Amino acid sequence: MSRPVSRVLTLLELLQAGGVRTVAELAERLGVAERTVRRYVDHLVDLDVPVESVRGRYGGYRLAPGHRMPPLMLTDDEALAVLLGLVAGRRTGITAAAGTAGETAAAKVRRVLPERLRRRLDAVLDSLTFTSASAGSAAPEAVVLLPVADAVRHHRPLAIRYSGGSGERTVYPYGLVAHAGRWYVTGRDLSVGADRTFRLDRIDGARVLPGTFEPPPGPGPAERVLTALATAPYRHEVTVRVRGTAEEIRALLPGSVAVVADADGDGEGEGWCRVEIRAERLDWLPGLLASLDRPFVVERPDELRGLVADLAGRLMDAARGAPPPRH
């Protein structure tokens with residue numbers, strides 16, 4: 001939506017709040033000159049919105065008394081899709097609206113719906129429960145998301161200020177990716193001459209720069225982000241050989257957890273692949289490897305071999321019906 005259209009709609013929302021608004025007040029709220037406010041009022045009048053001019057010392061603009069905006073024309077299915085989308089987006093942390101924007105948007109939609117439909121939708125929302133906890137809020141600010149998206153779409157350089165960083169850095173953004181309740185932008189960081197992935201909720205400011213660039217061939221933005229997450233520095237670097245093709249193992253392991261590659265060229269024989277995982281803790285890996293239900297060999301670290309042996313012993317005891325050892 002262009003900025004003038006957005007401001008005209010904002011003007012309409014201000015007038016809908018009721019009362020007389022002075023030209024000076026409206027100009028300040030919209031961040032424009034008083035002459036521009038009058039032009040925006042003319043736009044509303046052209047759209048058959050009854051804006052009245054009130055003269056005198058306390059004059060200004062107001063909507064005609066008794067005027068109400070027509071109800072939002074949505075079918076039952078459309079209204080349900082909009083409200084459930086807002087609720088689900090807020091629960092998963094994927095809604096790109098910080099603060100209470102999601103709640104206020106849902107309230108505005110409900111307010112203009114017919115009473116019959118509003119009651120039915122409220123019944124759905126009031127009776128709905130989720131099996132998982134609400135995701136932590138990591139929604140990017142609109143002042144960050146919109147210029148980043150614009151730069152991605154038009155292949156323009158982007159200047160960003162990253163939390164904890166020093167000054168601005170210039171990025172060639174390849175794409176926006178939403179993953180696990182967070183938003184990321186991946187691209188070429190010109191300050192270090194390498195590809196980087198940035199979380200949008202950690203970007204303090206973003207602005208589009210002049211010029212264009214050509215995105216490189218190769219992996220798409222989603223694959224780049226998942227690979228960056230899987231190869232981020234952690235306490236343990238794990239390497240495991242697993243029987244199966246890389247395609248088969250990738251279908252069993254999340255791309256954000258493991259980097260999978262064929263190992264046939266390493267003299268391992270056909271039908272093996274190498275899996276690299278970086279983790280802060282090792283205690284969850286034996287169960288993950290067992291769940292693959294495929295032969296595997298732990299190359300490193302030695303500590304993981306011991307944990308796998310411990311799990312194997314516990315599984316054997318459980319299969320024999322033996323009681324667990326007392327500690």
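Reader: I'm just getting into this one. In E5, what is the bridge partner of Leu176?

Author: Keep in mind that this is a predicted model. E4 and E5 run antiparallel and are joined by 8 bridges. One of these strands, E4, covers 168–179, and E5 covers 182–189. Across the pairing, the E5 residue that partners Leu176 is Val185.

Reader: Which residue in the turn between E4 and E5 has a positive phi?

Author: The two strands make a hairpin, and 2 residues sit between them. In that turn, a positive phi of about 55 degrees belongs to Ala180.

Reader: And on the E3 side, which residue in E4 does Ile160 stand opposite?

Author: E3 pairs with E4 too, in the antiparallel sense and over 4 bridges. Look across from Ile160 and the E4 residue you'll find is Arg169.

Reader: Back to E5 for a moment. Is Thr186 buried or exposed?

Author: Thr186 belongs to strand E5. Setting aside neighbours within four places in sequence, Thr186 has contacts that include Tyr172, Tyr174, Arg196, Pro221 and Arg224. Its relative accessibility is 2%, and the cut-off is under 20%, so Thr186 counts as buried.

Reader: Which strands do the buried residues of H7 pack against?

Author: Helix H7 takes in residues 142–154 and reaches 18 Å from its first C-alpha to its last, close to the 18 Å expected. Its buried residues are Val144, Leu145, Pro147, Val148, Ala151 and Val152. Residues three or four places apart in an α-helix point the same way, because there are 3.6 residues a turn. The strands that the buried residues of H7 pack against are E3, E4, E5 and E7.

Reader: What residue takes a positive phi just after H7?

Author: H7 ends at residue 154. Just past that helix, the phi is positive, at about 55 degrees, and the residue is His155.

Reader: Which strands hold Arg278 and Glu237?

Author: These two side chains meet in a salt bridge too, at 3.8 Å from N to O. Arg278 is partly exposed, with a relative accessible area of 32%, and Glu237 also counts as partly exposed, at 37%. The pair ties together parts 41 residues apart in sequence, because Arg278 lies in strand E10 and Glu237 in strand E8.

Reader: Which residues of the largest nonpolar core touch the most other members?

Author: That core has 19 residues. At least two residues each come from strands E8, E9 and E10 and from helices H9, H10 and H11. The members touching the most others are Val275 and Leu304.

Reader: Last one: how much of the protein chain do buried residues make up?

Author: The chain comes to 11 helices and 11 strands. Among the 327 residues, the buried share is 31%.

How values were computed. Residues numbered from 1 in each chain as written. Predicted model: local features only at pLDDT ≥ 70, side-chain atom pairs only at ≥ 80, totals over all residues. Heavy atoms only, no water. Expected span 1.5 Å × (residues − 1). Buried < 20%, exposed > 50% of the residue type's maximum accessible area, 1.4 Å probe, protein only. Contact = heavy atoms within 4.5 Å. Core = buried A, V, L, I, M, F, W, Y, C linked by side-chain atoms within 4.5 Å. Pairing = 2+ DSSP bridges. Salt bridge = Lys/Arg side-chain N within 4 Å of Asp/Glu carboxyl O.
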